[in-house]
Amino acid sequence: MTTKDGKARRLWVRIMTMVCLWLAGAMPWQWPELRADPLEGTLEVQSAFVNVVGGVYQLHVRTRYPSSDETASALRDGVSLSYDVDVEVARERRFWANENIVTLQLKRELSYHSVSERYVVRDPLLDDEQKSYATLDEALAALGSIESWPILVVLQVAEPGAYLVSVRARVRRGRLTDALRALMFWSDDWQRESEWYSWSLPR
Amino acid sequence: MVAAALSNRRNRILIAIWIAVVVGALFALFLSAQNSEQFGRLQPWILLASAAAVLVIIGLLARKIYQLVSAYRSGVPGSRLTSRTVLVFSALVALPLLTVYVFSLEFLNRGIDSWFRVEIKQGLNDAVVLSRSALDLRMREYGGRTERFAVSLSNQSAGGALFALDEELRSSGASEIVLYGEYERIVGAASQEVADALPDRPPADLVRTVSSGSTYLSLEPVGDSRYLIRTAAPIPGTPFSRGDARFIVVVYELPRQFAELTDTVQRSYSQYGDLAALREPLKYSFRLTLTMVLLVTLLGAIYGAIYSAEILFKPVQDLVAGTRAVAKGDFGMRVPLTSHDEMGFLVQSFNDMTKRLRRAREETESSRAAVEREREWLAIILARLSAGVITVDRDLLVQRVNESAGSILGVDLSSTVGRVLGLGSDAETGLLPAFVAELRSKFATGRDEWREQIELQPAASKTSSRVLVCACVPLPKEESGVEQFVIVFDDVTHLLQAQRDAAWGEVARRLAHEIKNPLTPIQLSAERLRRKLLPALSGSDADMVERSTHTIVQQVESMKQMVNDFSEYARAPAMQVATFDLNRLVTEVTDLYRSQDASIEMVTYLGETLLEIAADRSRVRQVLNNLLANAFEALEGVRPAVIEIRTSAITLEGHTFIELDVADNGPGFQSDMIGRVFNPYVTSKPRGTGLGLAIVKKIVEDHRGRIELGNRPSGGAMVRVMFPVSEQERAIAPGAEQGERRRERA
């Protein structure tokens with residue numbers, strides 16, 4: 001009886017050892033390493049300011065987006081990238097969280113048109129609004145320059161107090177469905193965002 | 001019970017929290033999948049919730065496993081069964097899960113790889129190249145036309161050029177023709193669009209190209225499936241440093257059919273590129289998600305297995321604990337009834353069984369107590385019984401013995417229970433050897449039931465033989481088939497002695513009455529014969545008469561003395577008890593005897609703190625007289641002759657006695673007579689009546705005293721008499737009969 005038990009126990013231990021070894025081999029840390037960060041480089045809001053034209057605050061932003069061979073290669077392979085600019089205007093409160101007045105997002109998409117061999121910048125919401133550039137740098141320069149973007153009217157900041165304008169630029173892989181983006185939650189390294197660039201709204 | 005209930009409640013709360021976290025995480029994932037912005041906001045919380053869920057389940061599982069291992073090591077009832085079940089369940093869950101996991105991983109890898117096959121990529125590239133070639137032909141055609149138009153403009157004046165632009169627009173089908181001058185200033189333009197549409201500034205690369213004297217060609221996607229072919233050519237002969245017109249830009253719109261085809265190819269290429277870039281991240285995400293699901297499922301299943309096994313085997317654990325309690329004799333334990341299924345039925349049956357066992361044990365205890373009570377009663381009765389009772393089997397293995405048996409046989413039999421009678425260290429003590437021999441001879445005859453009077457000679461010959469009335473009755477056979485016998489016996493020696501004493505008293509009384517009466521006439525007649533005849537006779541006749549009458553008178557005197565002794569022995573007058581000093585009495589009597597024979601030294605050792613004794617003084621004096629007379633007679637011819645008399649007070653068994661020892665250095669008692677010297681008419685002296693010691697013993701017994709005699713180790717006889725010191729002591733003192741038994745046993 002004891003011998004039988006001993007044999008069964010040894011067999012069980014062997015099976016479990018094999019399963020554990022196999023599991024260790026299948027674990028994520030054994031998977032191939034992902035490629036390096038494709039959006040490496042400087043991503044920052046270099047300057048930004050607003051002016052009032054006809055009672056409307058217009059935003060001007062100069063952004064530097066990262067450019068690399070990796071990015072160019074990915075674009076040439078058909079990948080499209082989204083270049084978003086987030087703007088928030090909030091009224092500062094001393095003993096409470098700031099009151100959010102405006103939150104806007106400007107969406108642009110950069111892709112490479114392989115047939116015409118040009119870089120195309122377009123507004124994903126407006127399909128007929130697009131421009132093409134012969135080089136990536138020209139396209140990025142065009143993307144990095146935002147001029148006269150109306151963000152709020154004067155009446156929205158009529159209450160006394162200080163108002164804070166914050167701008168942030170983001171780059172991420174474009175043309176992904178939301179479901180696919182959720183699925184890529186763990187592994188998508190095609191996402192970067194700049195620090196917030198903030199200043200007080202002049203009044 | 002309360003602790004277990006709290007623990008269960010805590011476990012349920014933890015499980016509910018865990019389930020809520022997992023469900024919340026799944027719901028958040030579902031919500032975020034609908035909206036990527038929301039997903040971005042929820043991302044940290046989803047991470048936190050997922051990590052918390054995994055941590056919680058790992059913590060719960062670790063705790064459960066630790067508890068299980070601890071219980072297994074300490075041998076808690078049911079832990080081995082639980083462990084085995086958990087292992088089996090875990091294996092049953094793990095194997096299919098792992099199999100599915102392996103195949104899913106393989107399927108994912110192969111499936112995702114199949115989306116991005118090389119053939120598709122190559123096909124798309126070829127389509128792009130083909131499209132580009134086709135468009136290139138058209139663009140070159142448009143470019144050639146633009147070059148020719150530029151050449152034609154070189155000889156035109158400014159006004160003519162404007163008309164030429166319009167003419168060319170109509171003839172070429174271009175959508176826009178712009179003539180640029182110095183500093184990219186628009187010199188003239190013709191367009192198919194509304195006239196107010198101002199042409200854009202020429203692209204920088206265009207300016208660079210035409211500045212170098214080359215023709216510029218580009219295909220520009222403008223959205224909505226529209227493409228523009230932009231051509232530009234420098235106007236030959238026009239130095240760029242001078243003149244107005246510098247280069248011409250002609251924009252054509254790609255025909256709709258071409259444009260749509262190009263758009264399709266481009267869209268396919270882009271979509272494929274997007275997807276191809278997702279290949280590795282997708283695989284990674286699927287693997288990670290699958291692994292997390294596997295881990296959560298596996299850990300959850302193991303935890304569930306442990307939890308279920310604990311719930312399932314809780315009644316079993318209770319039953320094992322109950323069984324152990326029952327094995328230890330605790331029939332009061334009840335296993336809690338937690339369900340009404342088969343296990344509940346088993347628990348109910350166990351509780352019924354313990355209840356019945358408890359009732360049976362109580363009945364057994366009651367019966368045992370009753371038997372024990374009866375046994376105690378029997379022991380008390382046997383202890384109080386003056387007769388000896390021994391229960392033995394045929395081999396004389398003692399089962400039960402009472403105290404009186406030992407007293408009668410002169411042996412301590414309390415340690416002989418369970419041993420064969422007569423085989424112990426005291427086998428040669430008292431009456432035991434003779435008694436054992438008698439029993440063996442009786443059993444040897446095959447008679448199981450008998451009643452006889454037997455005379456036993458003690459092992460020590462200095463004491464007299466004892467007569468026992470002995471009866472043997474067989475007991476009902478036991479289940480083991482061993483025969484047992486109850487032997488009841490009693491010492492009737494003193495009873496017989498008393499009967500003999502009574503008979504001797506009667507004989508003495510009759511002798512005194514029948515013999516004493518004729519003695520006086522005989523003596524008187526003999527004296528008258530001598531008085532009458534002696535003067536009348538002479539010589540030898542007178543001498544003969546003298547001697548004869550003297551002999552008659554002397555013998556009559558002796559007979560009178562003998563008759564008086566008998567009379568004294570038979571007489572039993574009422575005792576005249578008075579308190580007196582024994583030492584003084586001893587002194588008086590010894591002084592009297594010293595005066596009779598100075599050759600015998602009499603030494604007295606009188607107790608200094610002796611109490612006065614309450615007794616019949618004259619009869620105590622007679623005791624002393626008889627003992628000293630015996631000593632004097634024994635010392636005849638012995639020189640030096642010494643008689644030692646000693647008095648002392650002793651406490652024996654809680655009673656105070658006055659002890660009187662009389663010892664001499666004579667020849668002592670003959671060994672064959674020691675047991676019989678108290679019998680009347682037993683004497684070793686030629687002139688003794690044999691009544692002296694009998695009378696002494698009678699007087700001592702009348703005083704409820706004790707008497708012992710024997711030979712001293714240094715030679716000579718010694719008689720020890722003990723009297724109770726007071727009337728009260730005499731009333732409660734143990735009788736001479738018991739005293740003698742104890743003496744013999746000692």
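**A note on the two-chain model**

1. Let me start with a loop in chain A: A:Glu117 sits between strand S4 (99-113) and strand S5 (118-123) of that chain. Helices here are DSSP runs of H or I with at least four residues, strands are runs of E with at least two, and both are numbered from the N terminus. The phi of A:Glu117 is positive, about 60 degrees, although the residue is not a glycine. With 14 other C-beta atoms within 10 Å, A:Glu117 is partly exposed. For that scale, C-beta atoms are placed from the backbone, and a residue is buried if 20 or more others lie within 10 Å of its own, exposed if 12 or fewer, and partly exposed in between.

2. A word on what we are looking at. This is a predicted model, in which local features need pLDDT of at least 70 and side-chain atom pairs count only at pLDDT 80 or more, while totals for chains, interfaces and linings use all residues. Residues are numbered from 1 along each chain as its sequence is written, and chains are lettered from A and ligands numbered from 1 in the order in which they are written.

3. B:Asp224 is not a glycine either, yet its phi is about 55 degrees. B:Asp224 belongs to the loop between strand S3 (216-223) and strand S4 (226-234) of chain B. Having 12 other C-beta atoms within 10 Å, B:Asp224 is exposed.

4. Now the chains as a whole. Chain A holds four helices and 10 strands, in the order α-β-β-α-β-β-β-β-α-β-β-α-β-β from the N terminus. Chain B has 18 helices and 17 strands. The buried share is 27% of the 203 residues of chain A and 27% of the 746 residues of chain B. Contacts are counted when two C-beta atoms, placed from the backbone, lie within 7 Å. In chain A, 64% of the contacts between residues at least 6 apart in sequence join residues at least 24 apart. For chain B, 60% of the contacts with a separation of 6 or more come from residues 24 or more positions apart.

5. Helix H15 of chain B deserves a close look. H15(B) has 18 residues and spans 25 Å from first to last C-alpha, close to the 26 Å expected at 1.5 Å a residue; the expected span is 1.5 Å times one less than the number of residues. Its buried residues include B:Val620, B:Leu624, B:Leu628 and B:Ala631. Among the elements of chain B that cover them are H14, strand S14 (641-652), strand S15 (655-664) and helix H16 (692-702).

6. How does H14(B) pack on H15(B)? Helix H14 (residues 582-596) and helix H15 (residues 617-634) of chain B meet at about 40 degrees, with axes 10 Å apart. The axes are lines fitted to C-alpha atoms over the stretch in contact, and angles run from 0 to 180 degrees between N-to-C directions. That makes H14(B) oblique to H15(B); angles under 35 degrees count as roughly parallel, over 145 as roughly antiparallel, 65 to 115 as roughly perpendicular and the rest as oblique. The crossing is right-handed, where the near helix is turned clockwise from the far one by less than a right angle (anticlockwise for left-handed). H14(B) contributes B:Leu585, B:Val586, B:Val589 and B:Tyr593, and the residues from H15(B) include B:Leu624 and B:Leu628. By class, this contact has eight nonpolar, one polar and two charged residues; Ala, Val, Leu, Ile, Met, Phe, Trp, Tyr, Cys and Pro count as nonpolar, Asp, Glu, Lys and Arg as charged, and the others, Gly among them, as polar.

7. B:Pro640 lies in the loop between H15 and S14 of chain B.

8. S14 itself carries B:Ile643, a buried residue with 24 C-beta neighbours inside 10 Å. Beyond four places in sequence, B:Ile643 is in contact with B:Ile600, B:Met602, B:Leu628, B:Ala631, B:Val662 and B:Asp664.
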